[in-house]
Amino acid sequence: QGQLVESGGGLVQAGGSLRLSCAASGRTQGYYVMGWFRQAPGKERESVAAISRSGGSIYYADSVKGRFTISRDNAKNTVYLQMNLLKPEETAVYYCAATSRYYTDTYYYSDPTIYAYWGQGTQVTVSS
């Protein structure tokens, strides 16, 4: 079984930046797609970004395009989410997710059901 551990969350003012990290351990070689989701209080979990193993396929939610950047370092078994120009409404718990299934079509990347592995989440709070 693999394990995903998020870090980098915290409190930031609106317009500020944070960089989240997700370190994978265990059977990481099979993690083809890794992604980030977020869930605000009282709301459903929503997709934020996802990336294939090679980095050749990347998905962003429309709401974060141009402000967030996802990347991964396979040598370190880590995926990152650089978040810029953060907004108060983006306050949420951010979760890392991974799947060992082979998907190249980013159409699937926003679907939480394709991900078999999830981290515990890291809190991001954006103050106004």
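Which residues form one aromatic cluster with Phe37? Tyr115 and Trp118 do. The close-up views below are taken from a predicted model.

**View 1. An aromatic cluster, with an arginine over one of its rings.** Phe37, Tyr115 and Trp118 are grouped in one aromatic cluster. The face of tryptophan 118 also has arginine 45 lying over it, at 4.8 Å from the ring centre.

**View 2. The disulfide of cysteine 22 and cysteine 96.** The structure holds 1 disulfide. A disulfide is a covalent bond between the sulfur atoms of two cysteines. Here the bond joins cysteine 22 to cysteine 96, with an S to S distance of 2.1 Å. The pair links distant parts of the chain, 74 residues apart: cysteine 22 belongs to strand S3 (residues 18-25), and cysteine 96 belongs to strand S9 (residues 92-99). The link is left-handed, with -80° about the S-S bond. Cysteine 22 and cysteine 96 are both buried.

View 3. The whole structure contains 7 aromatic pairs. In one of these, the ring centres of tyrosine 103 and tyrosine 108 are 5.3 Å apart and the planes stand at 45°, so the pair is tilted. In another, the rings of tyrosine 107 and tyrosine 108 have centres 5.2 Å apart and planes at 85°, so this pair is edge-to-face. Tyrosine 103 is buried, at 11% relative accessibility. Tyrosine 108 is partly exposed, with a relative accessible area of 37%, and tyrosine 107 is exposed, at 63%.

View 4. Strands of a sheet pair through backbone hydrogen bonds, either parallel or antiparallel.

**View 5. Valine 5 in strand S1.** Valine 5 is a residue of strand S1 (residues 3-7). Its relative accessibility is 42%, and it therefore counts as partly exposed. Residues up to four places away in sequence aside, valine 5 touches Ser21, Cys22 and Ala23. Cysteine 22, one of these contacts, is also a partner in the disulfide with cysteine 96. Valine 5 and glutamine 120 are 115 residues apart in sequence, yet 6.8 Å apart in space, C-alpha to C-alpha.

**View 6. The two faces of strand S7 and its pairing with S8.** In a regular strand the side chains alternate between the two faces of the sheet. In S7, Phe68, Ile70 and Arg72 make up the covered face, while Thr69, Ser71 and Asp73 make up the uncovered one. S7 and S8 run antiparallel and are joined by 6 bridges. Within this pairing, valine 79 in S8 is the bridge partner of arginine 72.

**View 7. Serine 52 and its contacts.** Serine 52 is placed in strand S5 (residues 46-52). At 1% relative accessibility, serine 52 counts as buried. Neighbours within four places in sequence aside, serine 52 is in contact with Tyr32, Val33, Ser57, Arg72 and Tyr109. Arg72, one of these contacts, is on the covered face of S7.

View 8. Asparagine 77 lies in the loop between S7 and S8 and is partly exposed, at 29% relative accessibility. Leucine 85 is found in the loop between S8 and S9. The phi of leucine 85 is likewise near 50°, a positive value in a residue other than glycine. Leucine 85 is exposed, with a relative accessible area of 51%.

Key: Residues are numbered from 1 along each chain as its sequence is written. This is a predicted model: local features need pLDDT of at least 70, side-chain atom pairs count only at pLDDT 80 or more; totals for chains, interfaces and linings use all residues. Side-chain values use heavy atoms; hydrogens and water are left out. A disulfide is a pair of cysteine sulfur atoms within 2.5 Å. Helices (H or I, at least four residues) and strands (E, at least two) are DSSP runs, numbered from the N terminus. Buried means under 20% relative accessible area, exposed over 50%, partly exposed in between (1.4 Å probe, protein chains only). Rings of Phe, Tyr and Trp (its six-membered ring) pair if their centres lie within 6.5 Å; planes under 30 degrees apart count as stacked, over 60 as edge-to-face and the rest as tilted. A charge sits over a ring if NZ of Lys or CZ of Arg is within 6 Å of the ring centre and within 35 degrees of the ring normal. Contact means heavy atoms within 4.5 Å. Two strands pair if DSSP finds at least two bridges between them.
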